Amino acid sequence: MPFTRYMEVGRIVLINFGPLTGKLATVVDIVDQNKCLIDGPREITGVDRQVISYTRIELTDYIVKIKKNARAEEIKEAWTEADILASWEASAWAKKLESKKRRRALSDFDRFKVMVAKKQKSAIIAKKMAELE
Amino acid sequence: MTVSGVMRQYQVVGRHQPNEEHPNPEAYRMIIFAPNPVIAKSKFWYYMHQFRKMKKTTGEILDCVELVENYSRVVKTYGIWLRYDSRSGTHNMYREFRDVKLTGAVSQLYDEMAGRHRTRPRSIRIIRTAEIKDEDVKRNNPWQYLGDKVKFPLPHRVVSGKRGQKALSSRTFAKNRPTTFFG
């Protein structure tokens with residue numbers, strides 16, 4: 001399987017460790033084999049410009065066309081042009097993260113409702129299966 | 001000295017204590033890398049004692065101020081000339097580090113010297129530091145990351161078990177082997 005996601009200037013990454021978990025950021029420059037310089041931009045994702053280790057980030061499929069060391073305004077422009085936020089929200093990855101978050105936030109009553117809904121769903125399926133036979 | 005965490009850069013200015021003969025002795029300024037101002041001042045005397053006839057008891061420190069990097073939004077390559085003691089002698093060395101701040105590069109230096117040469121911080125004397133332009137970078141490793149077209153995948157991503165939270169699995173048993181390929 002060839003690599004399709006590369007660490008490069010303009011790559012959108014998802015931070016998965018630390019206080020900024022779950023936020024997207026753009027790679028603005030590469031420091032060395034272990035860390036890179038990222039910038040949200042702050043207005044869009046809430047991530048400040050900082051150096052972050054590769055162990056704390058995951059590469060996504062999205063890239064924006066920016067120059068190395070681009071300013072926050074330039075990155076913001078590139079983001080709106082490429083409509084990254086919309087593509088990200090529509091992706092299966094983002095939807096899975098969202099559903100995991102929602103499941104963890106369920107109350108006991110919500111979990112009961114889920115259980116009842118699952119039972120209803122499987123009852124419908126079982127009835128259909130019986131009709132088909 | 002013990003070096004934990006990040007090094008800071010201090011400007012220490014000191015001179016001989018003034019007396020009737022020399023009411024206004026010449027002041028000397030040094031740039032010292034140290035974790036805190038106490039060690040910075042101590043290092044100042046260590047060096048001054050070597051270079052001039054001046055000691056802590058015969059001198060006075062006029063100023064010890066931390067120098068803060070004014071442009072830490074861009075990655076730069078720093079060259080550091082140092083002198084260090086190995087087990088069998090003392091040597092000069094030149095190393096290059098990529099970092100956003102000079103103090104970050106110096107911290108990297110101490111960590112790397114400890115890792116590669118088992119040099120303790122007490123055995124390292126920094127002679128000179130400079131920001132190196134891309135054309136003048138000499139060492140292979142920083143040279144790889146210069147320019148606009150740096151691009152590489154992150155192969156064989158191993159999730160560290162030391163991190164606790166995101167390590168391996170939240171469960172004791174998992175039904176699938178972990179994957180190290182993330183595109």
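In the predicted model, chain B contains an open sheet of three strands, arranged in the order β2-β1-β3. The pairing in this sheet is antiparallel. Strands β2 (27-34) and β3 (59-67) of chain B form the edges, and each of them pairs on one side only. Neighbouring strands of the sheet are turned against each other by 25° on average, with direction ignored.

A helix lies against this sheet. Helix α1 of chain B, residues 37-51, packs on the sheet and touches β1, β2 and β3 of chain B. The direction of the helix makes about 130° with that of β2(B).

The pairing of β1 with β2 can be followed residue by residue. Strand β1 of chain B covers residues 8-16. Eight bridges join β1 to β2(B), in the antiparallel sense.

The contact involves 29 residues of chain A and 24 residues of chain B. Between them the two chains bury about 2,400 Å². Carbon and sulfur atoms account for 57% of this area. On the side of chain A, the residues that lose the most area to chain B are A:Phe3, A:Phe17 and A:Val31. Together these three make up 22% of what that side buries.

Polar and charged groups take part as well. Seven residue pairs are in polar contact between chain A and chain B, counting pairs with both residues at pLDDT 80 or more. The rule finds one salt bridge across the interface. B:Arg73 forms a salt bridge with A:Asp39, and the closest N and O atoms are 4.0 Å apart.

Several strands contribute to the side of chain A that touches chain B. At least two residues each come from β1 (7-8), β3 (24-30), β4 (35-39) and β6 (57-63) of chain A. By residue class, this side of chain A holds 14 nonpolar, five polar and 10 charged residues.

Strand pairing also crosses from one chain to the other. β1(A) pairs with strand β7 of chain B, residues 151-152, in the antiparallel sense. Two bridges make up this pairing. Within it, A:Met7 stands opposite B:Phe152 in β7(B).

Note on methods: Residues numbered from 1 in each chain as written. Chains lettered and ligands numbered in written order. Predicted model: local features only at pLDDT ≥ 70, side-chain atom pairs only at ≥ 80, totals over all residues. Heavy atoms only, no water. Pairing = 2+ DSSP bridges. Helix = DSSP H or I, 4+ residues; strand = E, 2+ residues; numbered from the N terminus. Axes fitted to C-alpha atoms, helices over the stretch in contact; angles between N-to-C directions. Contact = heavy atoms within 4.5 Å. Buried area = accessible area lost by both parts, 1.4 Å probe. Salt bridge = Lys/Arg side-chain N within 4 Å of Asp/Glu carboxyl O. Polar contact = N/O pair within 3.5 Å; in protein donor to acceptor, adjacent residues only side chain to side chain. Nonpolar A, V, L, I, M, F, W, Y, C, P; charged D, E, K, R; others polar.
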